Structure formats: structure tokens, C-alpha cells
Number of protein chains: 2
Amino acid sequence: MGVTLSSVDKQTRQDLILGVISEREVGTQQELIEALKDVGVEVAQATVSRDLAELGVLKVGSRYLALPHEPGSAGIEVLPSFVLGVTPAQNIVVIHTRDGTAGAVSNVLDRVRGLRLVGTIAGQDTVMGVAPDSGAAEEVANLIADVCRARTRPAGSIE
Amino acid sequence: MGVTLSSVDKQTRQDLILGVISEREVGTQQELIEALKDVGVEVAQATVSRDLAELGVLKVGSRYLALPHEPGSAGIEVLPSFVLGVTPAQNIVVIHTRDGTAGAVSNVLDRVRGLRLVGTIAGQDTVMGVAPDSGAAEEVANLIADVCRARTRPAGSIE
DNA sequence: GATAAATATTCAAATATTTGAATAAAAAGG
DNA sequence: CCTTTTTATTCAAATATTTGAATATTTATC
């Protein structure tokens with residue numbers, strides 16, 4: 001199974017990547033490579049690039065964010081279509097959505113690995129996410145806001 | 001991806017095998033090979049042998065039976081430890097089990113691929129399985145009885 | 001819009017998996 | 001028990017996957 005020097009198999013390496021990016025703030029692939037080195041795994045940039053793509057990891061602002069890698073299931077990239085606003089209140093994140101879409105948003109959030117939410121509940125047009133503490137709630141709210149903003153920007157693409 | 005003559009990939013072939021053995025009464029690997037040939041797939045006996053093992057298919061009496069291939073989950077081989085008796089009544093199969101184990105039996109049955117049951121429900125010591133018709137119910141009842149008998153026989157093994 | 005930084009892709013080598021033919025082992029049937 | 005049938009295993013060839021170095025492309029910054 002082994003391939004290069006201090007090697008682990010692909011599965012293990014990708015699991016490590018998901019772990020690393022949910023714990024540390026990883027901003028570039030170079031940083032990720034070094035973070036992996038700390039865990040004793042040595043890989044090339046090309047490999048890390050492919051891993052991130054396969055895992056469906058998204059870069060939001062200056063941070064990699066793990067997404068549901070169940071292929072086929074909706075990922076965080078759909079949020080901008082549904083989310084109207086996000087507000088943290090203590091350890092709760094309140095998300096206002098288009099009517100009828102709260103369930104979908106809740107569902108997506110539940111599947112995002114590394115998101116610091118204990119659980120979510122959805123009404124018609126509102127999702128409430130429970131975070132372990134107010135810091136986490138704020139972090140999550142910012143993240144969601146970033147995703148929605150980031151998605152609006154790219155190039156001059158209208159679609 | 002292709003490998004031999006009229007080839008499909010491993011996944012497809014194994015799916016076909018599960019389909020074939022749940023529809024036709026396949027008694028030997030040779031028969032299975034021919035059944036596959038009918039579907040346009042040509043394989044060697046060694047391959048079929050490995051496939052059956054990987055899929056967790058069990059031979060009960062003179063028939064191959066598909067098992068849950070989720071590895072780790074309990075398979076049909078545990079039934080003899082729990083099942084005390086099986087009786088078909090119209091399109092219902094009534095299974096009497098050791099007290100408290102009906103749920104487990106129900107769970108196992110739900111996961112057996114190719115078993116002609118529409119659904120099951122469990123009490124404390126009784127499982128009721130609903131089959132599409134009385135013929136299917138009888139078939140299922142016999143199958144379960146066979147499994148329990150088959151498991152008692154093998155060699156001189158006490159365990 | 002030129003430059004630098006970050007990420008994706010191409011290509012060839014290394015490694016792993018899959019397969020059938022041959023053969024060994026096990027089970028069934030006298 | 002011996003023979004036949006059925007199933008599992010070994011081995012080598014074919015195929016597929018994974019990987020890093022080099023390079024191309026994209027993205028950010030001025």
C-alpha cells in the first residue's frame with residue numbers, strides 16, 4: 001500500500017486533512033502541507049490539491065472549510081440561494097431563509113464537517129443552530145455570511 | 001476499466017450477482033456463471049467464488065442467499081441463536097424468538113437482500129414479516145428454517 | 001494589466017487491484 | 001474410503017489508481 005516516504009494511505013490522509021482544517025485555520029495548501037508534516041505525513045502540493053477537491057472542501061475567505069463529501073448531497077454552496085440573513089445571539093445562530101427553505105438549510109448545515117454546531121432545528125423560514133458557546137456561534141455566523149458573500153462575488157459571472 | 005472479453009466492472013458484476021441470486025434459484029457457481037452469461041457477462045469460476053465471498057453470500061441448502069454486505073452488521077448467520085420457530089400464515093411470516101431478541105431478528109431480516117419481505121415488525125419475542133403473497137411467505141419461512149437447520153449441522157463442530 | 005502567489009493539470013513512474021488458468025482443498029455421493 | 005463435484009487459493013499478467021515533479025492556469029495585489 002505504501003507509496004512515498006513517510007506515507008499513509010489516501011483514506012487516512014484525507015481523514016487527517018478534514019481533521020486539520022476543522023481544528024486549525026488553514027489558509028493555503030502550503031500551510032496544509034506543513035500542518036500535515038506536523039502529524040508526520042509528507043505530501044506534494046498536487047496531492048493536497050486533489051485531496052481538497054475530492055473531499056469537496058471549499059475555501060471561504062481565507063480558510064478552508066470541510067463540506068459534506070457524500071457526493072450528490074447538497075453542499076454549502078447552495079446556501080446563498082436560500083439564506084437571507086444570519087445573526088448570532090449568545091450561543092445560538094439564527095438564520096433567516098426564504099420561506100419554506102429552512103429545512104434544506106438546516107439539513108445542509110448538519111452535514112458540514114467541522115462546523116461547530118451542536119444541532120439545528122428548522123421552521124418555515126428560520127433555522128436555529130445551537131453552538132457550544134457564544135464564540136462558536138459568532139464564528140459560525142461569520143462563516144455562513146462569508147459563504148453567502150463569497151458566492152456573490154466571483155468574476156463577472158452572472159450565473 | 002475493462003478487463004476481459006464481454007466485461008463490466010467489478011461493482012456492476014457484483015450487483016448483477018445479487019440480482020440474479022435473488023430472482024433465480026442458483027445452486028452452484030457454475031449455474032451462476034451461466035446465469036451471468038445470459039446477462040452478457042463472462043467470468044471465471046475463481047472470480048465468482050471471490051465475489052460471493054466479498055458479498056457475504058451464504059449457501060443455504062442448495063441455494064445461494066444474499067446477505068447484508070454492510071460489513072460489521074449482523075448477518076443471517078446469527079438467526080439460529082435467536083429463532084425458536086417459524087410459521088407462515090397467508091402472506092405473513094410469524095417468527096417466534098427468544099425473549100427480547102425479536103428486534104434484532106427483525107433488523108437482520110430487513111437487511112437481507114433478495115428476501116421477499118415487504119416489511120417486518122417486532123414485539124418482545126415475536127416478529128411478523130409481511131410478504132407480498134402467501135407463496136412468498138412460505139418461501140421465506142422455509143428459508144429461515146433452513147438457515148437455522150443448516151447452522152446446526154456442519155461437520156462435528158460444537159461451536 | 002503586469003507581477004506574484006496560489007491552485008489546478010499533465011505526464012510518467014510507482015504501487016495496488018483485479019482477473020483467469022491452474023491447482024489445491026473441501027464437500028457430496030456413493 | 002474412493003470418486004466426483006464444488007469451492008477456494010496461488011500465481012502471474014493485465015489493468016487501474018495514486019503520486020510527485022514540472023508546468024499551466026487562475027486569482028489576488030498592486
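**Entry 1: V94 in chain A**

I started with V94(A), which counts as partly exposed because 15 C-beta neighbours sit inside 10 Å. The scale I used calls a residue buried with 20 or more other C-beta atoms within 10 Å of its own, exposed with 12 or fewer, and partly exposed in between, with C-beta atoms placed from the backbone. The model is predicted: local features need pLDDT of at least 70, side-chain atom pairs count only at pLDDT 80 or more, and totals for chains, interfaces and linings use all residues. Residues are numbered from 1 along each chain as its sequence is written, while chains are lettered from A and ligands numbered from 1 in the order in which they are written.

I placed V94(A) in strand β4 of chain A. Helices (H or I, at least four residues) and strands (E, at least two) are DSSP runs, numbered from the N terminus.

Next I asked myself which residues V94(A) touches, not counting those up to four places away in sequence. I found T87(A), A89(A), T126(A) and M128(A); contact here requires C-beta atoms, placed from the backbone, within 7 Å. I also looked up V130(A): it is 36 residues from V94(A) in sequence, yet the two are 9.0 Å apart in space, C-alpha to C-alpha.

**Entry 2: the sheet of chain A**

I followed β4(A) into its sheet, an open one of 4 strands in the order β3-β4-β6-β5, with antiparallel pairing. Two strands pair if DSSP finds at least two bridges between them. At the edges stand β3 and β5 of chain A, each with a single partner strand, so one side of each has no neighbour in the sheet. Neighbouring strands of this sheet are turned by 20° against each other on average, direction ignored. I noted 6 bridges in the antiparallel pairing of β3(A) and β4(A); A89(A) has I92(A) in β4(A) as its bridge partner.

**Entry 3: the helix across that sheet**

I then turned to α5(A), which lies across β3, β4, β5 and β6 of chain A and runs at about 170° to β5(A). Axes are lines fitted to C-alpha atoms, for helices over the stretch in contact, and angles run from 0 to 180 degrees between N-to-C directions.

**Entry 4: over to chain B**

I finished with helix α1 (residues 10–23) of chain B. Its 14 residues reach 20 Å from first C-alpha to last, close to the 20 Å expected at 1.5 Å a residue; the expected span is 1.5 Å times one less than the number of residues.

Where do the buried residues of α1(B) sit around its axis? They are I17(B), V20(B) and I21(B), and they cover an arc of only 90°, which puts them on the same side of α1(B). I kept a reminder beside this: an α-helix has 3.6 residues a turn, so residues three or four places apart point the same way. The buried residues of α1(B) pack against α2 (29–38), α3 (45–55) and β2 (63–65) of chain B. On the face turned away from the buried side I found the exposed residues Q11(B), T12(B) and E23(B).

Notes
The arc is that of the directions from the helix axis to the C-beta atoms. Two residues are in contact if their C-beta atoms, placed from the backbone, lie within 7 Å.
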